[in-house]
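Hello,

Here is the structure I promised to pass on to you. Please open it beside this email and follow along as you read.

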Amino acid sequence: MDFTEKEESLVKESYEVLKKDMPFYSLHFFTQILEIAPAAKAMFSFLRDSEEIPQNNPKLKAHALKVFKMTCEAAIQLKEKGEVIISETTLQYLGSVHLRNGVIDPHFEVVKEALLRTVKEGMGEKWSEEMGNAWTKAYHHLASAIKAEMK
Ligand code: HEM
Ligand code: ISQ
């Protein structure tokens with residue numbers, strides 16, 4: 001697995017942009033997920049009982065930030081070690097949370113697409129295909145680890 005320094009910096013650079021406005025990007029991320037897969041709404045506790053995506057919901061913001069952050073950390077590990085290592089406790093926890101909420105493999109594609117659209121939105125002119133590919137690779141490794149734990 002060759003993940004270049006350039007790819008790592010593209011992910012880091014865009015993560016920094018997203019981090020600056022989590023209320024906006026977490027909402028955007030979620031809106032994209034529901035646009036691609038409306039049925040996903042029922043899986044999220046903070047969405048189930050509301051008509052629309054709640055603005056400024058602390059859980060939504062915190063979770064979305066974690067997804068961005070973990071993908072960015074995966075990129076750093078890929079560059080440094082050539083693989084993504086997640087602690088056993090974190091993996092077990094994430095595996096069980098996702099299983100319990102009815103997440104299945106094809107959903108990971110939905111979240112990937114929504115994640116890419118959100119990075120693209122944040123980066124505007126600075127977005128490039130290379131940047132998208134770098135996020136895709138990092139996300140793929142992270143998602144594979146969670147999926148394997150869910151088996
Ligand atoms: C919860 C990360 C993929 C649906 C969470 C949490 C994290 C997370 C950090 C919060 C756990 C907690 O602290 O309680 C990730 C990462 C993913 C991923 C890193 C991919 C690499 C997915 C996918 C779906 C999904 C594909 C399906 C649409 C959920 C749901 C919850 C959750 C339903 C529970 C939210 C709640 O009601 O509290 N995820 N997730 N996740 N995730 Fe994911
Ligand atoms: C949890 N898992 C995957 C994607 C998410 C997006 C927003 C909030 C929480 C999430």
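Below is what was found in it, starting with the ground rules.

This is a predicted model, in which local features need pLDDT of at least 70 and side-chain atom pairs count only at pLDDT 80 or more, while totals for chains, interfaces and linings use all residues. Residues are numbered from 1 along each chain as its sequence is written, and chains are lettered from A and ligands numbered from 1 in the order in which they are written.

The overall picture

An unreviewed UniProt entry carries the annotation "domain: Globin" for residues 2-151; UniProt positions are given in the numbering used here, feature names are shortened, and annotations may be inferred rather than shown by experiment. That span is 73% helix and 0% strand, and its end C-alpha atoms lie 27 Å apart. Helices (H or I, at least four residues) and strands (E, at least two) are DSSP runs, numbered from the N terminus.

Helix H4

At 1.5 Å a residue, its 24 residues should span 34 Å, and the end C-alpha atoms are 33 Å apart, which agrees; the expected span of a helix is 1.5 Å times one less than its number of residues. Buried residues in H4 include Leu-60, Ala-64, Phe-68 and Ala-75. Here a residue is buried if 20 or more other C-beta atoms lie within 10 Å of its own, exposed if 12 or fewer, and partly exposed in between, with C-beta atoms placed from the backbone. Among the elements that cover the buried residues of H4 are H1 (5-19), H6 (107-123) and H7 (129-150). After H4 comes Gly-82, with a positive phi near 80°.

The core

The largest nonpolar core has 28 residues, and Val-11, Phe-29, Ala-75, Ala-134, Trp-135 and Ala-138 are those with the most contacts inside it. H1, H2, H4, H6 and H7 are the elements that give two or more residues to this core. Such a core is a set of buried Ala, Val, Leu, Ile, Met, Phe, Trp, Tyr and Cys residues joined through C-beta atoms within 7 Å.

Do look at Trp-135, which is found in H7. Trp-135 counts as buried because it has 25 C-beta neighbours inside 10 Å. Leaving out residues up to four places away in sequence, Trp-135 touches Val-11, Thr-71, Leu-115, Leu-116 and Val-119; two residues are in contact if their C-beta atoms, placed from the backbone, lie within 7 Å.

The two ligands

Ligand 1 is surrounded by 22 residues, and the closest are Met-43, Ser-45, Lys-66, Asn-101 and His-107. A residue is near a molecule or strand if its C-beta atom, placed from the backbone, lies within 6 Å of it. The shell around ligand 1 divides into 16 nonpolar, 5 polar and 1 charged. For these classes, Ala, Val, Leu, Ile, Met, Phe, Trp, Tyr, Cys and Pro count as nonpolar, Asp, Glu, Lys and Arg as charged, and the others, Gly among them, as polar.

Around ligand 2 are Phe-29, Phe-30, Leu-60, His-63, Ala-64, Val-67 and Val-111. That shell has 6 nonpolar residues, 1 polar and no charged. Phe-29 and Phe-30 are both buried in H2.

Best wishes
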